[in-house]
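Student: I am new to this structure and would like to get to know it piece by piece. Could we go through it together?

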Amino acid sequence: MIEPVKSLPGFVVKKPGPRALLQDFGRYGFHHLGMTTGGPADSVAFRWANRLCKNDLSTTALEVSVGGLILECSAETQIAVCGANMPLTINGRVRALWRSHKIKPGDMIEMGFATEGVIAYLAVAGGFDVTLSFGSTATVVREDIGGLKGDKLESGDYLPCVSHNGNNNRYKDDNNPCLKLPKGYHPVYGHHAMLRVIPGYQQHDFSRYQQRRFFSHEYTISSQSDRMGCRLEGPAIQPEIDGILSEGICLGAIQVPPDGQPIILMHDRQTIGGYPKIGSVLSLDLGSLAQLKPGDKVYFVPITVDDAHNILHLADSYFNKIEPVLC
């Protein structure tokens with residue numbers, strides 16, 4: 001537990017829920033030391049939470065899985081919650097997601113348990129004031145790094161944030177109004193996802209039959225999935241080789257272990273591995289995957305590298321063109 005520093009504005013964690021992690025956009029440039037990237041499991045919801053607080057898009061926010069988070073505020077600021085449908089209340093009053101809200105010292109913020117989707121992000125104006133570890137605040141529990149202490153939040157932890165107290169507090173008037181994302185732009189979280197796959201150079205270690213088998217069947221999300229990897233259950237696929245020399249692994253890589261059940265490597269993945277890979281899931285689709293529960297279904301569609309570049313550029317352009325509106 002991190003002892004509260006009463007002189008600093010911030011939030012006391014009353015209840016952390018099953019898993020709440022501090023995340024920025026990730027830790028880059030340290031794979032040679034065996035450190036993975038980390039970062040938000042759903043980058044779209046993460047960026048919108050920060051954007052509605054007028055933050056830089058990589059500002060540290062809270063990633064809340066399943067729900068159950070309760071915070072007590074000691075700052076005059078704004079917050080925004082985006083992502084899974086987790087009922088949000090401030091001082092017991094129901095508040096909308098996908099918009100910012102003004103809060104003040106003594107306010108109680110509660111996030112209920114998700115009814116659709118799994119992960120939501122709580123951002124605060126100016127961000128949480130957390131010490132960097134190797135250039136990032138991203139929490140990777142497996143590596144005991146990032147966040148407050150390299151682990152998920154616990155009851156009693158204190159989350160300092162940028163202070164906006166004082167006579168010139170911009171949150172006490174209408175000079176800094178709240179923003180919202182129009183409802184027509186909210187992502188829809190369901191129980192199925194189409195995942196676009198860029199085939200890799202090891203694709204040819206899978207016969208045409210095995211490739212067709214993979215791309216023509218649905219797979220089920222396993223209960224053994226986590227931020228390191230999403231395990232799938234479905235028709236087994238078998239490469240024509242038993243294994244490979246360990247090599248670097250990219251985000252979204254689809255490994256095929258000896259049992260033939262694919263594993264999609266997520267943000268807390270290991271940095272090297274020796275299982276054959278049939279391809280890699282488009283990074284943009286990993287957020288949809290992260291919002292699925294065990295038992296939900298996915299299917300795969302092959303795309304080219306050029307397709308992937310075009311899809312990502314168009315998605316980035318679309319994000320930038322959407323204008324939040326005043327509340």
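Student: How many bridges join strand β4 to strand β9?

Tutor: Happy to start there! This is a predicted model, in which local features need pLDDT of at least 70 and side-chain atom pairs count only at pLDDT 80 or more, while totals for chains, interfaces and linings use all residues. Residues are numbered from 1 along each chain as its sequence is written, and side-chain values use heavy atoms, leaving out hydrogens and water. Strand β4 covers residues 69–73 and strand β9 covers residues 108–111; they run antiparallel, and the number of bridges joining them is four.

Student: What counts as a strand, and which residue of β9 stands opposite Leu71?

Tutor: Strands (E, at least two residues) and helices (H or I, at least four) are DSSP runs, numbered from the N terminus. Two strands are said to pair if DSSP finds at least two bridges between them.

Student: Which strands are at the edges of the open sheet of six strands?

Tutor: Follow the order of that sheet, which is β7-β6-β9-β4-β1-β11 with antiparallel pairing. An edge strand here pairs on one side only, and the two that do so are β7 (93–95) and β11 (158–160).

Student: In β3, what is the bridge partner of Leu22?

Tutor: Look at β2 and strand β3 (residues 61–65), which pair in the antiparallel sense over five bridges. The partner of Leu22 in β3 is Leu62.

Student: How many residues of β5 are buried?

Tutor: Buried means under 20% relative accessible area, exposed means over 50%, and partly exposed lies in between (1.4 Å probe, protein chains only). On one side of β5, Thr77, Ile79, Val81 and Gly83 are buried, and on the other so are Gln78, Ala80 and Cys82. The strand is mostly covered, and its buried residues number seven of seven.

Student: Which residue of β10 stands opposite Val81?

Tutor: β5 joins β8 through four antiparallel bridges, and there Gln78 has Lys102 as its bridge partner. β5 also pairs with β10 in the antiparallel sense, over five bridges. In β10, the residue opposite Val81 is Leu122.

Student: Is Asn50 buried or exposed?

Tutor: Asn50 lies in helix α1. Leaving aside neighbours within four places in sequence, its contacts (heavy atoms within 4.5 Å) are Asn55, Asp56, Leu57, Ser58, Thr59 and Ala123. With a relative accessible area of 0%, Asn50 is buried.

Student: Why do the buried residues of α2 line one face of the helix?

Tutor: In helix α2 (residues 208–215), the buried residues are Gln210, Gln211 and Phe214. They line one face because, seen down the axis of α2, they fall within an arc of 100°, the arc being that of the directions from the helix axis to the C-beta atoms. On the other side, the exposed residues are Arg208 and Arg212.

Student: Is His192 buried or exposed?

Tutor: His192 lies in strand β13. Not counting residues up to four places away in sequence, His192 touches Glu218, Leu292 and Lys297. Its relative accessible area is 53%, which means His192 is exposed.
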